[in-house]
Amino acid sequence: MSVTTLLIVLLGLSAIGYYLGRARSVRTVAGRTAELHSLPSYHGYYVAVWCGLPALLLVLAWVAIEPDIIRSLLIAKLGDAAAGMSPQALGLMINDVRNLAGGSLVSREPDPVMQAAADYYNHLRFLSRLALTVFGLGLAMAGLTYAWKSIHPRLRARNRVEKVVIVALIICSTIAILTTIGIVLSLIFESARFFTKVSPLHFLFGLEWSPQIALRAGQVGGTGLFGAVPLFVGTLLIAFIAMCVAMPLGLMAAIYMAEYADRRVRAFAKPALEILAGIPTVVYGFFAALTVAPFVRDTGASLGLQISSESALAAGFVMGVMIIPFVSSLSDDVITAVPQSMREGSYGLGATRSETIRRVILPAALPGIVGGFLLAISRAIGETMIVVMAAGLSANLSVNPLEAVTTVTVQIATLLVGDQEFDSPKTLAAFALGLVLFCVTLVLNIIALRIVTRYREQYE
Amino acid sequence: MSAIDAETVRATAMPKSDAATVNRSNVPAFVAEGVNVYYGSKQALKDVAIDINRNQVTALIGPSGCGKSTFLRCLNRMNDIIDICRVTGNILLDGQDIYDKQLDVVQLRARVGMVFQKPNPFPKSIYENVAYGPRIHGLARSKAELDEVVQTSLERAGLWKEVSDRLNQPGTGLSGGQQQRLCIARAIAVQPEVILMDEPCSALDPIATAKIEELIDELRQNFTIVIVTHSMQQAARVSQRTGFFHLGVLVETGDTEQIFTNPHDKRTQDYITGRFG
């Protein structure tokens, strides 16, 4: 029986277990379910869990370790033939055996030894699956019977089922956390490898970025310069331009939404503005590259300015438009959170609406607005698609918005695109850049969230 | 700022200055006639008519939801903030219709200040809280003058002694009673003619309440006060005239003593003797 079929059968058994358990619990109290400690359905779940869970764990464990055991048995069987081989050759050989056993193409003519090994492999697989089916179904039946028999009116089925559910929830959240930790660790270890080849000081403070390295002697290529300052400057420049666009537009939009717009306008305009956040960044990217950048260049030309067609201005502008919804919706939230009594207090003293907004509401909402800005900045710094398409690749150290600059994210993308070996400084540099990016956005997010939560507490 | 500018600022910011020179102490401050208020299709006030006398405390009492706060908020057009609220009828302040289209609601609110149920100091320093009104209305020409306005307002609100050494600390850090007196100081600083108080003591303990009541009695000499209160004892203690609201109708108005000892209407009598409400 294949693993999939087995899982389906287990599921079916669990379902049967559910009905059996429920029925038995009702029978034990002769239909007077109020006498049960737990509702009948919990007894059903209790049996289903006992039936399905141990067997499921067995199947998962089996599938995880089966290949390793078969492999070592196979090597033992190959004996002398495998003894003298290098690990790579052995790996290739075993691959061939597997392919031969599966009936697909192999990299060499099958010889009798290999054919024998392939047959042996198939035999092992068959045994293993058979054993799994027997043990799996046996365990499921045993669990079902045990749980079914243990049903009686005072069985705390609900508590036990809830415990299982809690453990399942814990496992789910643990997986999410472990993934994050794993990503951070891989960033740190790969960056550490990079820093053994390039000094951190050179990386953080070097003024020239040219990651192309000659792969073999005589090849045309740089010596590899990994000074990331031009990237940092480029990133900050574009993020700065983006914030110059997004801050005033977003904040003004938020003020209008929260204080001036009547309910019907708000009901339409707020979701409309938030649609901006739903546009895929790649669409913003080609909007920037194909529409805004040429427009900026042509406008510049008519004014007598030389603007490169991959200017920081175009990329920053489009990025700014992209983060307007962040700024506006977060600011809108904090402005609406300012208690109505503040507004009334101000109106009651004869303040106009704009005086109230400028002197009472904005100062009261300021921490939250700043928090929103910081979140938007970290978003802008981490944004990739727009800058890949609209900003340049050349690492100019320049703060002139009319020139092409490149950003950390663009370089990470270009360093890893295509076939790369994963132990050259060039590719490892991507991890170091990623680590810097991660640290900056993490710090910004932490600060922003702290400000926002502290602000929220103020009125609660 | 030149002298002429300052004159114009004063003249426009304080239209009450000429009203104050004319002796109208016998004329009521507010005259309301046939006031109806609707929230959407629901009528909250029916045909309310009342005179509010100068330099007296007028208390509005009645059970919850009877419309007394709604009426109070008509007097400085605070109901304008609520979209679905509609007011008809006449409310005259010094003979001028406050719902006239010509009238600037901002100036009206400068003449008719308000203190709310829950103390609502701005999240600013004590000084800034009091200076807020004078600043937006241009009532002080210099820092020294503003300081003086702040000090007199706090003194009149009976708060100066408690806060004079910490004017730069946030107003939200004061106790509830102090916050409410700060809100009163804030209202006084604009030099209004009338102060509306919407259950100013309902969030305060008895001691803080006693202080505020004492303060209301003192303020009566300079201001006309309208107070909404749940507490009949409070109405009896602080007011000279009382109006009783019931189900959106102003049932009875009269001198406080008369209302509490000899009410004309059965409903008033039932309410003040505690039969309902």
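Buried area is the accessible area that two parts lose on being put together, summed over both. In this predicted model, the area buried between chain B and chain A is about 1800 Å², and carbon and sulfur atoms account for 62% of it. On the chain B side, the residues that lose the most area to chain A are Pro123(B), Tyr132(B) and Ile136(B), which together make up 28% of what that side buries. Contacts involve 25 residues of chain B and 21 residues of chain A.

One salt bridge is counted between chain B and chain A. Glu344(A) and Arg73(B) form a salt bridge in which the closest N and O atoms lie 2.8 Å apart. Five residue pairs are in polar contact across the interface. At least two residues of the side of chain B that touches chain A are supplied by each of helix H4 (105-111), strand E6 (112-115), helix H5 (126-137) and helix H8 (176-188) of chain B. H5(B) gives the largest share, four residues. By class, this side of chain B has 15 nonpolar, six charged and four polar residues.

Chain B also contains an open sheet of six strands with mixed pairing, in the order E6-E7-E8-E3-E9-E10. E6 and strand E10 (249-255) of chain B are the edge strands, each pairing on one side only. Neighbouring strands of the sheet are turned by 15° against each other on average, direction ignored. Strands E7 (residues 194-198) and E8 (residues 224-228) of chain B run parallel and are joined by five bridges; Leu196(B) has Val226(B) in E8(B) as its bridge partner. H8(B) packs on the sheet, where H8(B) touches E6 and E7 of chain B. The direction of H8(B) makes about 170° with that of E6(B).

Definitions and conventions:
Residues numbered from 1 in each chain as written. Chains lettered and ligands numbered in written order. Predicted model: local features only at pLDDT ≥ 70, side-chain atom pairs only at ≥ 80, totals over all residues. Heavy atoms only, no water. Contact = heavy atoms within 4.5 Å. Buried area = accessible area lost by both parts, 1.4 Å probe. Salt bridge = Lys/Arg side-chain N within 4 Å of Asp/Glu carboxyl O. Polar contact = N/O pair within 3.5 Å; in protein donor to acceptor, adjacent residues only side chain to side chain. Nonpolar A, V, L, I, M, F, W, Y, C, P; charged D, E, K, R; others polar. Pairing = 2+ DSSP bridges. Axes fitted to C-alpha atoms, helices over the stretch in contact; angles between N-to-C directions.
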